[in-house]
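Visitor: I want to learn how to read this model. Where do we start?

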Amino acid sequence: MTREEIFNGVQDIFRDIFDEDDLVLQDSTNADDIEEWDSLNHINLVSAIEKEFKIRFALGELTALKDVGAMIDMMVRKLK
Amino acid sequence: MNNYKFADIYIGLEQAFNQKITADMMDHFLEISGDNNPLHTDSNYAKEKGFHDRVVYGLLSSSFYSTLVGVYLPGAYCILQGIDIQFSKPVFINDNLKIFGKVSYINDAYKQIEIKAFITNQENKKVSKAKIKVGVIDE
């Protein structure tokens, strides 16, 4: 799976969870950029990504992430 | 009350309980919610609309999803974080409901579990189903 495919899949999940069909992610997007990205929606995002991509995250991995790009990079490594 | 801790919970863990719907519950729900729609309060109106009696509030019968997670699965350490309910059949006063739930997903990082749940009536017909997200606050 390419980075672009992962990115697009993650963007679809964001669009579904935040109910914004035209939401466009950037690598630099973080919780400050999306008003509804609160703690519960963060859990919803992680759960949806784990299920969609059949991967698992540890809490330590997640707390170190600073933006969407870092999340995608970690997913690329996990999906190799 | 059950008190499953996060470490005790596994995919496939299930719980169920039974609950009869009474007219008294309908009165209390009306008092709490203020929902005086005649479908729930007027038998004649409900019959005109094709039901054999007034229809139990969907959110009354589905309130037992709260009981499912708060008392049974996981019980004491539960915090309800989300619920998506679909109704498939009407519920009537004196129906005997069975509420069933099974753990379908576990988020280890954030100690959240997802439960697939449903409610059946005394004829074993499914009246609603739900996907429930629950945090486990056992620390």
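Guide: Start with contacts: two residues are in contact if their C-beta atoms, placed from the backbone, lie within 7 Å. In chain A, 65% of the contacts with a separation of 6 or more join residues 24 or more positions apart. This is a predicted model: local features need pLDDT of at least 70, side-chain atom pairs count only at pLDDT 80 or more, and totals for chains, interfaces and linings use all residues. Residues are numbered from 1 along each chain as its sequence is written, with chains lettered from A and ligands numbered from 1 in the order in which they are written.

Visitor: Which elements does chain A have, and in what order do they run?

Guide: Helices (H or I, at least four residues) and strands (E, at least two) are DSSP runs, numbered from the N terminus. Chain A has four helices and zero strands. From the N terminus on, the elements run α-α-α-α.

Visitor: How many bridges join E3 to E4 of chain B?

Guide: Nine bridges join E3 (residues 96-107) to E4 (residues 112-120) of chain B. B:Ile99 stands opposite B:Ile119 in E4(B).

Conventions. Two strands pair if DSSP finds at least two bridges between them.
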